[in-house]
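Work through the exercises below with the sequence and the model open beside you, and try each task before reading its solution.

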Amino acid sequence: MIYTIFFESCRLLKDMESIPLDGYLLKPVQRICQYQLQLKELLKYTSTQHPDHNNVEEAESIMSSVAATVNERKRRTENINKLAQWQCSIEDWRGEDILVKSTVMIHSGSLYKISAGNKQLRRFFLFDRQLVYCRKLLGSGKLQYKGRINLDQCQTVDIPDNSEPGVVNAWKMENKAKNKWIVLFCKRASDKTAWLNALREERKQVEQDKVNNFVIPDSQKQAAYVHISRANSSRSKKMNSFSQKYKSTSDLRNSVLIEQPPREGKTKTSTNSNKLKGFSNKMFLKKQKKVSN
């Protein structure tokens, strides 16, 4: 309360616009991008012969890197809610949470996995530091957790086409420390290229995070799971309320249909039809008398 009164007094003394505190705290972050633009303009009008040209060029390069890092941190931090939601959608999840090691999904797709001589179609999801694979459940279409590969302990080894009978578009995920590996392959060569590029990008991402010392606090990760849990609970309550409402409405409608007396229109129609039947019978008897005469 004391700080609120102090800042409000300062604002009134300087005749400043009414901006909340978080708006002022955001200003230094916004200036990072402004500094980059100012240095870029300054470099444009600084002659290459000027003694400060190299210093300005270096400063512009550093600020561009800082701005890119800030934007990437913001994007990755906002992305953790999506990863928590993705994990909650997977059936029979086992082991540590996805956010313990990973902060971004880089690539995904269907691959064939060869392990212990068995070929299995699985859905793979590439994150920084790990590769998770799932099985699609029949009927529901949901994904069931089957396993993961720790990419910090594995290396990707390309397998030339037909080096093994019938194996094309394949590569090997090899763990030399445990002397284990699995072979992955896909239907098209373009898919293999995309996966290999994504796996190289994953390693670059991990190394860049080490250089930038990028770490998301555990409290923020936990908050993401709490947020998803509450959202799912709220959605479940709404669905239960809707189904209960629909059920009661259906029961009411059925009871009305059962207890509803016959409409007047139907009674009149039946009465009119009886009259027509009586009239037609009389006409038939008159014709029979004429014929007999």
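Predicted model: local features only at pLDDT ≥ 70, side-chain atom pairs only at ≥ 80, totals over all residues.

**Exercise 1.** Describe how helix α3 and helix α4 meet.

*Solution.* Begin with the geometry: two packed helices are described by the angle between their axes and the distance between the axes. For α3 (residues 53-88) and α4 (residues 189-212), the axes come within 12 Å and cross at roughly 115°; axes are lines fitted to C-alpha atoms over the stretch in contact, with angles running from 0 to 180 degrees between N-to-C directions. Helices here are DSSP runs (H or I, at least four residues), as strands are (E, at least two), numbered from the N terminus. The two helices are therefore roughly perpendicular to each other, a term that covers angles of 65 to 115 degrees. Next, list the residues: T69, E72, R73 and R76 in α3 meet Q205, D209 and N212 in α4, contact meaning heavy atoms within 4.5 Å. These residues divide into no nonpolar, three polar and four charged, with Asp, Glu, Lys and Arg counting as charged, Ala, Val, Leu, Ile, Met, Phe, Trp, Tyr, Cys and Pro as nonpolar, and the others, Gly among them, as polar.

**Exercise 2.** Is Y133 buried or exposed?

*Solution.* Locate Y133 in strand β3 (residues 130-136), and then consider its relative accessible area of 14%, which means that Y133 is buried. Leaving aside neighbours within four places in sequence, Y133 is in contact with several residues, including K113, R122, F124, Y145 and I149.

**Exercise 3.** Which phi values do R129 and N213 have?

*Solution.* Recall that most residues other than glycine have a negative phi. R129, in the loop between β2 (118-127) and β3, has a positive phi of about 85°, and R129 is partly exposed at 23% relative accessible area. N213, in the loop between α4 and α5 (218-259), has a positive phi of about 55°, and N213 counts as exposed at 58% relative accessibility.

Methods
Residues numbered from 1 in each chain as written. Heavy atoms only, no water. Buried < 20%, exposed > 50% of the residue type's maximum accessible area, 1.4 Å probe, protein only. Parallel < 35°, antiparallel > 145°, perpendicular 65-115°, else oblique.
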